[in-house]
Amino acid sequence: MRSRLKLMCLALLPLLAWACNGENSAGSATRNTVQSSEAFGWPASVQGEDPPVSPPESPVPSDDVLFQLGMVSDMLPRQQLVGVVDPIALGYTLSDITDPALLEFQIRAMAAQLSDGSRIDQVFHWYGHPENNKSVALVPVEFQNRYGTRLHGEIVLPKRGQTQATAQKYPVILALEGLNTNTAMYRWWHQLFADAGYLVFAFDFSGQGRSDDEVQGDPGNNIEEAQDALSYLLNNSPVREFIDPARIGVIGHSMGAIATMGLQAVEPRLKAAVAAAPISEIQSVFNSNPIPVMIQTGDHDGPIAPIVAVNPAVVRPVYDKLTSDRAFIVADAASHAQHTNYPLLPTSTWGREIAAQYSLAWMNYHLLGDSEALKVLQTAHPRLSYLWESEVVIGQDKRVFKSAGPAPLQ
């Protein structure tokens with residue numbers, strides 16, 4: 001399945017115009033001062049990529065170019081510019097390219113990719129985003145799929161490991177990544193659920209991120225690997241005793257969303273799913289829909305490239321095949337990068353807020369029975385698409401949302 005998707009890679013090349021090194025302001029950002037997760041009964045955790053794993057220190061103590069970028073950044077009317085560029089899905093990119101510290105982090109990370117063991121044949125480095133790295137509390141693990149291929153995983157602890165491990169049995173979110181990506185690209189989404197009290201398990205598919213290439217005889221089937229990851233988490237992981245097996249959901253983006261659609265049809269351990277930009281009906285093959293499924297996309301998702309109104313058209317037939325509780329959420333001006341935290345990928349500034357609001361509410365309602373979450377699902381976010389209808393169907397209740405669109409020019 002993965003080989004058929006190579007031409008549909010989530011691969012918007014970062015627009016870097018500066019081949020310079022500077023003072024390590026992003027990599028040396030102050031880490032959150034928190035008590036060890038071991039004090040609360042959890043395995044020892046780390047916060048994203050710390051030195052010496054993080055991009056190496058620059059050999060140059062300062063750089064005039066980055067200094068000048070900082071001065072320009074301070075003078076830019078960011079709020080006004082965001083209002084202009086967000087409708088063409090450049091909101092996050094604008095924020096990124098006016099932040100010299102983030103530019104420096106990105107330059108160092110991409111340079112490190114050439115010599116640190118990262119997959120240079122894939123576009124994205126594995127250093128994530130410095131803001132998300134320092135806010136996540138994860139336990140790195142390794143396990144094998146059914147064919148013997150070594151896979152890398154990250155167990156993201158509830159409440160950043162600052163809650164008693166034995167206080168309850170924790171609901172679980174299994175997180176599936178996109179093509180040619182890695183776990184670090186989705187840490188904002190993982191931490192969203194972890195901060196809400198979920199235990200999150202993300203892993204790199206074989207041939208991606210820190211996982212090995214497929215061993216001989218391994219077909220690289222994403223659905224099988226997701227099932228193997230779930231079995232490892234429940235039966236062999238260092239957090240298995242803290243898991244509530246009756247409350248497990250799955251989220252996925254792009255290729256991971258395609259896997260989510262197939263997985264929900266065949267994996268009885270799952271109770272709810274969120275599929276973000278699952279590409280098309282042709283790719284998202286499933287023959288049953290036993291659990292509640294939400295599909296999210298953006299009306300500037302091409303798919304892959306930011307092209308207006310394409311992906312909702314190719315994803316809507318996937319949604320129309322669903323028969324259980326279901327939702328179709330389309331964000332205004334959001335691109336295929338809406339669910340990632342990789343720097344310099346263009347999408348609207350409100351796209352991640354919409355993704356967070358509805359995906360968390362979907363799981364809170366269907367896994368936890370939270371009545372307040374139902375109210376969120378039945379309320380329209382003001383920046384939903386005005387080009388495409390969003391829809392939420394729960395039981396006999398059906399809500400259809402469509403925003404009014406931009407205000408006319410005066």
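**Strand 4 and its surroundings**

Guide: Strand 3 (residues 170-176) and strand 4 run parallel, joined by four bridges. Helices (H or I, at least four residues) and strands (E, at least two) are DSSP runs, numbered from the N terminus. Two strands pair if DSSP finds at least two bridges between them. This is a predicted model: local features need pLDDT of at least 70, side-chain atom pairs count only at pLDDT 80 or more, and totals for chains, interfaces and linings use all residues. Residues are numbered from 1 along each chain as its sequence is written, and side-chain values use heavy atoms, without hydrogens and water.

Visitor: Which residue in strand 4 is the bridge partner of A175?

Guide: Strand 3 and strand 4 are parallel, with four bridges. A175 has its bridge partner in strand 4. That partner is A202.

Visitor: Which residue stands opposite V200 of strand 4?

Guide: Strand 2 (residues 150-156) pairs with strand 4 in the antiparallel sense, over four bridges. Opposite V200 stands V156.

Visitor: How many of the five residues of strand 4 are buried?

Guide: Buried means under 20% relative accessible area, exposed over 50%, partly exposed in between (1.4 Å probe, protein chains only). L199, F201 and F203 point one way, V200 and A202 the other, and all are buried. For strand 4 (residues 199-203), the count is five of five.

Visitor: What is the phi of A333?

Guide: Most residues other than glycine have a negative phi. A333 lies in the loop between strand 8 (326-331) and helix 10 (351-368). A333 is not a glycine, yet its phi is positive, at about 60 degrees.
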